[in-house]
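Trainee: I would like to learn how to read this structure, one feature at a time. Could you walk me through it?

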Amino acid sequence: MNSQHFFHIPGTQTPLSPLQRGRDKCYAKWPPIVERVDNLGYVEGRGQHFYSHDIGRSSELGGRIYYLNGDTMCNDAGVSSNTYQVVLDRKKATEAMYLSINGDGFVAPLIDKNEEETQYLGLPENKTKRIAFWCFGGIVEISPGLGWVWYQKFIIDELDKSLNLVGVGLARISQDKIGLAGQLSSARMPGLMFQSGEPLFGSFSTFVDGDMVYLWGQKDSDIFLARVPRANCQHRHMYQYWNGTGYVSQITEAAPVLQDYQQGQIFQSDLFGPHLWLFVGCTRWVDSQVMIGLSCQLEGPWDVHPIHMATGIKDPVSYRYCMYPHPWATNMSNGKLLVTWCDHWPGGVIAAKIRFATVGTTHWAHIPLSGYSDRVIHTAMSETSEVCRENGLTLDELTDPHRLSVRGIDQQGVERAANMIRDSIAIAKKEEMAGMDAAAVEAPRAGFGERLLTKIIKHACG
């Protein structure tokens with residue numbers, strides 16, 4: 001065996017030299033346990049007037065972080081239905097600047113009305129109406145400084161407060177590469193991508209994975225999933241829809257992946273374990289609860305739990321909404337995550353740092369295998385395979401306790417399996433030293449032990 005190979009034993013209490021001991025990587029426990037929540041106050045522009053606004057979904061474009069806002073109350077200048085702020089320092093997540101404030105104090109919208117919509121609002125019968133474009137799903141970056149945003153279009157009657165959902169449109173977002181602050185501009189694609197009777201893909205959450213863009217969208221109480229090649233976001237016929245077992249071309253065959261959630265974001269994170277998918281958001285029940293979900297794959301299934309009752313500042317009475325995570329703003333390897341939610345007017349977007357209880361700080365030991373014979377290694381591998389078969393596991397799952405926990409297998413079971421493997425090595429070594437006939441054990445194929453070891457040596461438990 002190669003002398004660089006080691007067998008990784010979690011939870012050992014055996015004193016070892018510094019070169020043979022350490023601490024496991026820290027992950028948050030699942031189901032989640034919140035140890036502390038620090039409210040950081042409102043997200044607002046440094047040195048700028050405070051504008052009451054909502055949404056506060058963050059996205060990255062051209063190396064900069066932007067908050068995308070909904071209705072922004074510009075005092076006497078009126079209401080801007082969608083605005084954005086740029087974060088100047090990632091270490092100061094609550095400081096974000098508006099880059100497009102007019103002389104009268106009105107914040108120019110990122111997505112604006114076209115000529116036809118302006119004419120519509122100019123008709124006498126529409127004098128109490130306004131058109132709003134709300135970007136809940138965030139910006140998808142296609143190339144540096146260039147992205148797409150899927151927005152919901154509403155016609156709102158300010159007289160009777162009615163909201164008429166028109167559908168989901170698509171706009172190209174460009175970053176100013178000359179200006180120092182990174183100002184954004186938009187260009188709307190003609191028409192709508194999805195109508196009001198269809199799932200509103202892209203307007204709930206979006207994520208880029210390789211050459212594909214994944215888009216979640218609501219229809220009634222259900223949330224559906226679609227995907228499209230990142231080079232073809234503007235072409236409706238290129239979209240595919242998750243039907244529960246695979247992706248199909250017919251939107252009518254789409255199956256729900258989540259239910260009863262109003263806003264939120266889905267993203268990949270190591271917060272609770274390597275390469276897992278997280279959902280952070282809020283329910284449809286206006287209960288002010290911050291919800292968090294975990295899945296091994298972006299299609300689900302999801303295990304979702306409430307973690308915190310969001311509180312207000314300027315509006316402590318009404319419910320809170322628009323819960324969003326901001327993974328860029330905190331060190332998740334320490335079990336921390338920045339989350340925002342919204343107050344009603346005259347409030348705004350409130351930031352809070354949530355700290356979760358963590359696991360993975362037990363000591364581990366590296367047992368060098370260079371001194372063991374093929375028979376000893378083969379015995380250990382046979383024992384490992386037996387543990388997997390008895391528990392219906394794969395070797396990959398055995399080496400990842402966080403994936404096991406999602407399947408309902410507790411940490412003690414993982415440690416018990418590791419102890420069995422450790423014991424099998426010790427017994428095999430003892431028997432070999434006693435002179436037992438090595439030929440009685442079938443020799444492994446050349447390279448078999450080494451290939452198998454790579455699956456369990458690397459991280460036998462975390």
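Trainee: In which loop is the place of P31?

Mentor: Welcome! P31 sits in the loop between β3 (27-28) and β4 (34-42). Strands here are DSSP runs of E with at least two residues, helices are runs of H or I with at least four, and both are numbered from the N terminus. A cis peptide bond joins W30 and P31, with omega about 0°. Another cis bond links G300 and P301, where omega is about 5°, and P301 lies in the loop between β24 and β25.

Trainee: What should I know about the model before we go on?

Mentor: It is a predicted model, in which local features need pLDDT of at least 70 and side-chain atom pairs count only at pLDDT 80 or more, while totals for chains, interfaces and linings use all residues. Residues are numbered from 1 along each chain as its sequence is written, and side-chain values use heavy atoms, with hydrogens and water left out.

Trainee: How many strands form the open sheet, and in what order?

Mentor: Two strands pair if DSSP finds at least two bridges between them. Here 4 strands make an open sheet with antiparallel pairing, in the order β22-β23-β24-β25. β22 (261-269) and β25 (303-309) are at the edges with a single partner strand each, so one side of each has no neighbour in the sheet. From one strand to the next, the twist averages 25°; the axes behind such angles are lines fitted to C-alpha atoms, for helices over the stretch in contact, and angles run from 0 to 180 degrees between N-to-C directions.

Trainee: How many bridges join the strands around β23?

Mentor: β22 and β23 pair in the antiparallel sense over 8 bridges, and I266 stands opposite F279 in β23. On to β24: 5 bridges join β23 (residues 276-283) to β24 (residues 289-295), again antiparallel. F279 stands opposite G293 in β24. As a general idea, side chains in a regular strand alternate between the two faces of the sheet.

Trainee: Is β23 mostly covered or mostly open?

Mentor: In β23, 8 of its 8 residues are buried. Strand β5 (residues 52-61) is largely enclosed by the rest of the structure, because 9 of its 10 residues are buried. β5 is joined to β6 by 8 antiparallel bridges, and S52 has M73 as its bridge partner in β6.

Trainee: Which residues have a positive phi in the turns of the hairpins?

Mentor: The hairpin of β5 and β6 has 2 residues between the strands, and there G62 takes a positive phi near 60°. With 6 residues between the strands, the hairpin of β22 and β23 has G273 at a positive phi near 150°. β23 and β24 form a hairpin with 5 residues between them, and V286 in the turn has a positive phi of about 45°. H275, not a glycine, has a positive phi of about 60° and is placed in the loop between β22 and β23.

Trainee: How many disulfides does the structure hold?

Mentor: A disulfide is a covalent bond between the sulfur atoms of two cysteines. The cut-off is a pair of cysteine sulfur atoms within 2.5 Å, and the structure holds 0 of them. C322 is in no disulfide, and the nearest cysteine sulfur, that of C342, is 4.4 Å away. C322 is buried, with a relative accessible area of 1%.

Trainee: How much space lies in the largest pocket, and which residues lie nearest its centre?

Mentor: On a 1 Å grid over the protein atoms alone, a pocket is an open set of points with protein on both sides within 12 Å along at least five of seven lines, where a cavity is a set in which a 1.4 Å probe fits but cannot get out; lining residues have an atom within 4 Å of a point. Grid points are joined across faces, edges and corners, and a volume is the space filled by probe spheres set on the points. The largest pocket holds about 990 Å³. Its lining has 41 residues, with W134, F136, L163, Q262 and Q263 nearest the centre. β5 gives the most to that lining, with 4 residues.

Conventions:
Buried < 20%, exposed > 50% of the residue type's maximum accessible area, 1.4 Å probe, protein only.
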